Amino acid sequence: MELWDELQQILEELLQIYQALLQCGQEKKQLLLSQPAPAELETVVKREEELLLQAGMLEQKKQKVSRALAKQHGKGDVLLPLFQLVLLAPAYFIQDRIRDWAREVSPILKELQDLNTMNGRFLEQATKLVQYQINLLSQVTTELNYDPEGQKTRARKFEGRG
């Protein structure tokens with residue numbers, strides 16, 4: 001029963017992390033829509049990175065426990081998907097808990113996927129806007145110069161000597 005308890009604990013922790021990631025994604029979306037200060041966006045991104053690292057470590061633990069459970073139930077050293085693993089659970093309440101977890105986490109993961117796609121588009125648009133502004137600024141500074149008397153002159157291109 002210990003492995004099943006450990007699996008349930010891991011799943012609960014993963015659910016909390018996924019909920020926190022969803023909150024980060026929503027914060028990032030609001031920031032991207034409101035022209036954030038870079039430090040604000042960086043704070044959210046760092047928090048996301050930490051959560052993703054935690055989720056990755058928990059996922060590895062989940063796989064290790066899942067393999068151990070499969071082996072314990074005579075399936076060999078294989079990684080069974082959660083929906084197959086739940087059928088091996090010794091008690092219905094454990095099966096119900098795992099199924100409830102799956103039902104709860106599924107919409108969170110879907111919303112996370114949608115948010116990440118949307119935030120990716122926002123970041124891409126922001127990058128294009130910054131690039132456009134850089135191009136505009138570089139055109140202005142290379143096309144117009146002022147001579148010593150304050151008159152506009154064409155910029156001279158630097159010709160390096162080889």
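Is Glu-27 buried, partly exposed or exposed, and what is its relative accessibility? I looked this up in the model, which is predicted, and noted that Glu-27 counts as partly exposed because its relative accessibility is 27%, between the 20% and 50% cut-offs.

Entry on the overall fold. I counted four helices and two strands in the chain, and read along the sequence they follow the pattern α-α-α-α-β-β. Of the 162 residues, 27% count as buried, and I noted an accessible surface of about 11800 Å², with 53% of that belonging to carbon and sulfur atoms.

Entry on helix α1. I found that α1 runs over residues 2–33 and reaches 47 Å from its first C-alpha to its last, close to the 46 Å expected; after the helix comes Gln-35, with a positive phi near 50°.

Entry on salt bridges. My search of the whole structure gave eight, and I followed up several of them. The side chains of Glu-27 and Arg-47 meet at 2.5 Å, N to O, and this pair links helix α1 to helix α2 (residues 38–72) across 20 residues. Arg-47 counts as partly exposed, because its relative accessibility is 31%.

Glu-124 is partly exposed at 47%, whereas Lys-128 is exposed at 56%.

Note on methods: Residues numbered from 1 in each chain as written. Predicted model: local features only at pLDDT ≥ 70, side-chain atom pairs only at ≥ 80, totals over all residues. Heavy atoms only, no water. Expected span 1.5 Å × (residues − 1). Buried < 20%, exposed > 50% of the residue type's maximum accessible area, 1.4 Å probe, protein only. Areas by Shrake-Rupley, 256 points an atom, 1.4 Å probe, with all protein chains shown as cover. Salt bridge = Lys/Arg side-chain N within 4 Å of Asp/Glu carboxyl O.
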